[in-house]
Amino acid sequence: MTRANRPRRVMILAGEASGDAHGARVATGIRDRWPGVEMVGLGGERMQAAGVRLLAGLDQLAVMGFAEVLKRLPFFRGLERRLKGMLDGGGLDMVLPVDYPGLNLRIAGHAAKRGIPVVYYIGPQVWAWRAGRARKLSRIANRIAVILPFEPELYRTHGGRAEFVGHPLLEDESPGEPERLAADLGFDTAVPVLAIFPGSREQELVRHAGPFAETALELERRISGLQVVVSKVPFLPRNVYRPFPFPLTEDGASLRALATAGLVKSGTSTLEAALSGMPFAVAYRTHPVTHFLARRLVRVPHISLANLVAEERVVPEFIQREAAPGRMADAIEPLLDTESPVRRRTLAGLARVRAALGSKGASSRVVDLVEDVLREVRCREVRA
């Protein structure tokens, strides 16, 4: 069977829960555009449901930080050898990495050496650290799909073909069902609700559970009748959340719609909170070694993506020892007051964040880029 008439084969690589969701949408778009496509890669349940045959799952891949990754090096080295072996074996039409820059950049580089086209979705955050990655990815990727409005120029200065496709979270938007969630929890919708989003990795929960729970308990002491609920990710067991003496929910969209304010760990969840219009504070604690190294490498003025997009401090941030219960409670307390000037200013800032993130349709635009690259490859083959 010739390359022209055999089913297309695409490798899609995601290593985190957010990448799994974004990759699944792209996989669905690829399958709709090319029925019979074969897809293989890394991801989670969503990508698997979208038709991707998984070589490793999120439970094996979702680690973060220098010290934490060191413990998993044998696994990652073995996985990298396996992926490169598949690239060496031929038969792949496209490699589509989704974020997760450590492993994905190495696989993308190997694909480029083998002449396999690369469309990189959610380019590495070169504006934060390791700016050399912009130069490297610009050299190896046929297209770079970026999701923040200021990112294309960072790659284009190195000759990269980068395009702002809009943020994929806009495709996730759901009004949720706050009334149903309130009924399920037995909450009074006339009383303030504090939402806790401690993270999607077990190591994050271990570090955040204590200070996040203590912050909520402090706010309960200050605000009569305050109702607190914790966001749980589906793939982590309930016992991991044992330090939280509050009800849990897996319905994040409904929780954001129900909440008066939130305490959110740094990451994509801050943009989810911003898009929902839920005022919040951001906090993050990591391994001391990871933080020590990050302080010398990271070049951004904020840890919250919402603040970075707004280019100003829209929501309060707390890092490492700053993430103390008393300090965080002080910042969140006025956000729970629907009449406070602090809350009104925060809501106005979140509206600016939303406006800067573009329009819906990121995954469809990524599939368009895939089609463009495949067309270019086909034209070169015909000319040859």
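I take contact to mean heavy atoms within 4.5 Å. With that cut-off I looked at how far apart in sequence the contacting residues lie. Among contacts between residues at least 6 apart in sequence, 66% join residues at least 24 apart. I note that this is a predicted model.

**Entry: the whole chain**

I looked up the secondary structure first. The protein chain has 18 helices and 13 strands. Then I checked burial. Of the 384 residues in the protein chain, 52% are buried.

S12 (residues 280-284) pairs with S13 in the parallel sense, over three bridges. For Tyr 284 I found Ile 319 of S13 as the bridge partner.

**Entry: strand S8**

I then turned to S8 (residues 193-197). How many of the five residues are buried? Five of the five are, so S8 is largely enclosed by the rest of the structure. I sorted the side chains by direction. Val 193, Ala 195 and Phe 197 point one way. Leu 194 and Ile 196 point the other way. Residues on both sides are buried.

I also checked the pairing of S8 with S9 (residues 227-231). The two run in the parallel sense and share four bridges. Val 193 stands opposite Gln 227 in S9.

**Entry: helices H11 and H16**

I moved on to helix packing. Two packed helices are described by the angle between their axes and the distance between the axes. I looked up both for H11 (residues 202-222) and H16 (residues 325-332). Their axes come within 8 Å and cross at roughly 55 degrees. H11 and H16 are therefore oblique to each other. I noted the crossing as right-handed.

I listed the residues that meet. H11 brings Pro 211, Phe 212, Glu 214, Thr 215, Glu 218, Leu 219 and Arg 222. H16 brings Pro 325, Gly 326, Met 328, Ala 329, Asp 330 and Ile 332. By class, I have seven nonpolar, two polar and four charged residues in this contact.

**Entry: helices H1 and H18**

The axes come within 9 Å and cross at roughly 50 degrees. H1 and H18 are therefore oblique to each other. Their crossing is right-handed.

I wrote down the contact residues here too. From H1 they are Arg 25, Val 26, Gly 29, Ile 30 and Arg 33. From H18 they are Ser 363, Ser 364, Val 366, Val 367, Asp 368 and Glu 371. I get four nonpolar, three polar and four charged residues in the contact of H1 with H18.

**Entry: helix H7**

Which residues of H7 (residues 132-140) are buried? I found Arg 133, Ala 134, Leu 137, Ser 138 and Ile 140. I then asked what covers the buried residues of H7. The cover includes helix H6 (101-113), strand S5 (119-121), S6 and H8.

**Entry: Phe 150**

I finished between S6 and H8. Phe 150 is in the loop that lies between strand S6 (143-146) and helix H8 (152-156). Its relative accessible area is 28%, so I logged Phe 150 as partly exposed.

Technical notes
Residues are numbered from 1 along each chain as its sequence is written. This is a predicted model: local features need pLDDT of at least 70, side-chain atom pairs count only at pLDDT 80 or more; totals for chains, interfaces and linings use all residues. Side-chain values use heavy atoms; hydrogens and water are left out. Axes are lines fitted to C-alpha atoms, for helices over the stretch in contact, and angles run from 0 to 180 degrees between N-to-C directions. Angles under 35 degrees count as roughly parallel, over 145 as roughly antiparallel, 65 to 115 as roughly perpendicular and the rest as oblique. A crossing is left-handed if the near helix is turned anticlockwise from the far one by less than a right angle, and right-handed if clockwise. Ala, Val, Leu, Ile, Met, Phe, Trp, Tyr, Cys and Pro count as nonpolar, Asp, Glu, Lys and Arg as charged, and the others, Gly among them, as polar. Two strands pair if DSSP finds at least two bridges between them. Buried means under 20% relative accessible area, exposed over 50%, partly exposed in between (1.4 Å probe, protein chains only).
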